[in-house]
Amino acid sequence: MRILVVEQEAAERKQITGLLSVYGDCDTAAGGAQAVEEFRRALENNNPYDMMCFDIIMPGKDGYQVIKEVRDIEKEKGVTEDNRVKLVVISEINVGNNVKKAFDLGCDAYAGKPVNPDKFAAALKKLNIIKDSAE
């Protein structure tokens, strides 16, 4: 599995990357604009990301813009629903309207900060992003 971790804070980027590296190869980006470009480049090189994790508040482009642009790129490139990247928002902003907006734009999961590894893994399993180790 290919994962893109987008986080402006180096310490949090390292923590999230460490958590996710057991599930696949992780690349990182420090902001939304870089994330969209990395996503586009990976898709054009036929090596797309399986999952992207990012915050709502980021420099350049916020998480909402990232969700919209990634989904627009997928539509433009003819990516089917089954092959879309899983978009996971990891944010301290957990107010109902913010969560609803993220899902309305096309995110697949929403997790709070600080990241609880067990809850995060359970959410990824529910979305079939990762499998139980017993499978």
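**Helix packing and cores**

Modeller: In this predicted model, helix 2 and helix 3 are roughly parallel to each other.

Colleague: At what angle do helix 2 and helix 3 pack, and how far apart are their axes?

Modeller: Angles under 35 degrees count as roughly parallel, and the pair formed by helix 2 (residues 32–44) and helix 3 (residues 63–77) falls in that class. The crossing of the two helices is right-handed. Their packing angle is about 20°, and the axes lie 10 Å apart.

Colleague: Which classes of residue make up the contact of helix 2 with helix 3?

Modeller: Helix 2 contributes residues including Val-36, Phe-39 and Arg-40, while helix 3 contributes, among others, Val-70, Ile-73 and Glu-74. Sorted by class, the contact comprises 6 nonpolar, 1 polar and 6 charged residues.

Colleague: Which residues touch the most other members of the largest nonpolar core?

Modeller: That core has 25 residues, and the elements giving two or more residues to it include strand 1 (2–6), strand 3 (51–54) and strand 4 (86–91), as well as helix 2 and helix 3. Beyond its neighbours within four places in sequence, Met-52 is in contact with residues including Leu-4, Phe-39, Val-70 and Leu-87. The members that touch the most others are Met-52, Phe-54, Leu-87 and Val-89.

Colleague: Is Pro-117 buried, partly exposed or exposed?

Modeller: Pro-117 is located in helix 5 (residues 117–126), and its C-alpha atom is separated by 9.3 Å from that of Leu-20, 97 residues away along the chain. Because its relative accessibility is 43%, Pro-117 counts as partly exposed.

Key. Residues numbered from 1 in each chain as written. Predicted model: local features only at pLDDT ≥ 70, side-chain atom pairs only at ≥ 80, totals over all residues. Heavy atoms only, no water. Axes fitted to C-alpha atoms, helices over the stretch in contact; angles between N-to-C directions. Helix = DSSP H or I, 4+ residues; strand = E, 2+ residues; numbered from the N terminus. Parallel < 35°, antiparallel > 145°, perpendicular 65-115°, else oblique. Left-handed = near helix turned anticlockwise from the far one by under 90°. Contact = heavy atoms within 4.5 Å. Nonpolar A, V, L, I, M, F, W, Y, C, P; charged D, E, K, R; others polar. Core = buried A, V, L, I, M, F, W, Y, C linked by side-chain atoms within 4.5 Å. Buried < 20%, exposed > 50% of the residue type's maximum accessible area, 1.4 Å probe, protein only.
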